[in-house]
Amino acid sequence: MYTLCMISTCFMTNTANKLIISSHKKNRRYGKFLLFLVIVLFSLLAYFRDYTIGTDISYYVIPAFQEAKRHSFFAYFYLISHLIEPIYLLFNYLFAAVCETPRIWMFMIEFIISSLVVLRLYDYRYDRKMWVGIFIFNCMFLPISFNLMRQSIAMAIIFYASRYILSEKKQIVKYIIIIIISMGFHLTGIIGMLLPALNIYYNKVYLGKNNKKLDSFIKTGLIIFVMILSVIFFDQLVDLVVPISKFTKKYSGYVVKYSGGIQVNPILVRLPFIIFILINWKKYERDKNENYMLFVIMIIDMIMSELRIYSSTLYRVSIYFAYFKILALPNYLVSLNIKKRRLATGLIIVLMYIIWIYQIAIQGNEQVFPYKTFFDI
């Protein structure tokens, strides 16, 4: 079912992309309608899935929906607002008021997520690589959205909001407002506040008039080195912070210690894509203004993914950075000549699908495989 969804949505997106950039108004309408159908297809997959797909569905989706059915608005907020963020609770309550089961709400969660992803990719429609972004979403983030639903909304919001940071015309105030909204779905949306900081670094350090590119690379390397040290010694840092912090109170259920040391697995599934970009670095960096920023975010994702050693909560935070592969890899393909582009596209598709099989089907990450519908019960 997942593979069928990948093929269908990629084909529909590619066809839509060609129609959207057409000079005929009618074709553009058809293209936009096809993108709408892509969003609906993702949402229907979420709607028809069995309640055993994903773990968080039984942790907060169904219980919160049932609480909303049983209590008045104020009693409902009083009972569970300390566990779940307010905007999610509000939407959950509204859908509980008109629906008998949480399925329509599950449909809408995926509709919000996939809509934001498609809208962000729409900014790159003239590159004709929207379908590659959709394929990456299928492999890496659609399964996550069937489990970490609140956080997936927050991640999709930040991903969409990046258009106001990565573009040449910055709209910082609008970006910050959107990030605050994302925190209303999941508190970890505060991670989005790091993007303006990265943007300041990019403009002041990397593009600064008095800075040589070599000096900038050295400074970037030092930042990455500090991040690596932070990951290696993170357990010691946590031991210092936890006694004086209230942050862990809400997420104490997530905090699970893992065995120490660097894990190779998260690095191996990310390193090939970084190597691809480095091989074609000069053309990639020069092709689009945001490409350097996207590459740095990919490096941060690889480093932050090691946080799974210490806590599932902190690993979930790293996924925010992983989301930007949806932009970085299509941009990389566009920077290549036609012959290299075809080869690189094939390699990325094969690697992504292998990673999907390994992480979702074999390792059982997110507990969403095999796909089962409520008809299978």
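Glutamate 67 and arginine 70 sit three residues apart in helix 3 (residues 56-70), about one turn of the helix. Helices here are DSSP runs of H or I with at least four residues, strands are runs of E with at least two, and both are numbered from the N terminus. The two side chains join in a salt bridge, 2.7 Å from N to O. A salt bridge means a side-chain nitrogen of Lys or Arg within 4 Å of a carboxyl oxygen of Asp or Glu. Arginine 70 is exposed, with a relative accessible area of 55%. The cut-offs are under 20% relative accessible area for buried, over 50% for exposed and partly exposed in between, using a 1.4 Å probe and protein chains only.

A quick note on where the values come from. This is a predicted model, in which local features need pLDDT of at least 70 and side-chain atom pairs count only at pLDDT 80 or more, while totals for chains, interfaces and linings use all residues. Residues are numbered from 1 along each chain as its sequence is written, and side-chain values use heavy atoms, with hydrogens and water left out.

**Other charged pairs**

The count comes to nine salt bridges. Here are three of them:

| Pair | N to O distance |
|---|---|
| Glutamate 67 and arginine 70 | 2.7 Å |
| Lysine 288 and aspartate 127 | 2.9 Å |
| Aspartate 287 and lysine 283 | 3.4 Å |

Lysine 288 and aspartate 127 link distant parts of the chain, 161 residues apart. Lysine 288 is in the loop between helix 17 (281-287) and helix 18 (291-304), and aspartate 127 is in the loop between helix 6 and helix 7 (130-145). With 17% relative accessibility, lysine 288 counts as buried.

Aspartate 287 and lysine 283, on the other hand, both belong to helix 17, four residues apart, or about one turn of the helix. Aspartate 287 is partly exposed at 30% relative accessible area, and lysine 283 also counts as partly exposed, at 33%. There is a network of salt bridges too, linking Arg120, Asp123 and Arg163.

**Helix 6 and its glutamate**

Helix 6 covers residues 103-122, which makes 20 residues. From first C-alpha to last, helix 6 reaches 28 Å, close to the 28 Å expected at 1.5 Å a residue; the expected span is 1.5 Å times one less than the number of residues. Helix 6 is mostly covered, with 14 of its 20 residues buried.

Glutamate 110 is found in helix 6. Setting aside neighbours within four places in sequence, glutamate 110 is in contact with Phe42, Ser43, Ala46, Phe137, Leu142, Ser145 and Phe146. Contact means heavy atoms within 4.5 Å.

**The fold and its core**

The protein has 21 helices and zero strands. Buried residues make up 52% of its 377 residues. Among contacts between residues at least 6 apart in sequence, 75% join residues at least 24 apart.

The largest nonpolar core has 116 residues, and those touching the most other members are Phe137, Phe141, Phe146, Tyr323, Ile326, Tyr332 and Met352. Such a core is a set of buried Ala, Val, Leu, Ile, Met, Phe, Trp, Tyr and Cys residues joined through side-chain atoms within 4.5 Å. Beyond four places in sequence, tyrosine 323 is in contact with residues including Ile113, Val117, Phe137 and Phe141.

Why is helix 20 (residues 325-334) described as largely enclosed by the rest of the structure? Because ten of its ten residues are buried, among them Lys325, Asn331 and Tyr332.

**Cysteines**

Cysteine 5 counts as buried at 5% relative accessibility, and cysteine 139 is buried at 4%.
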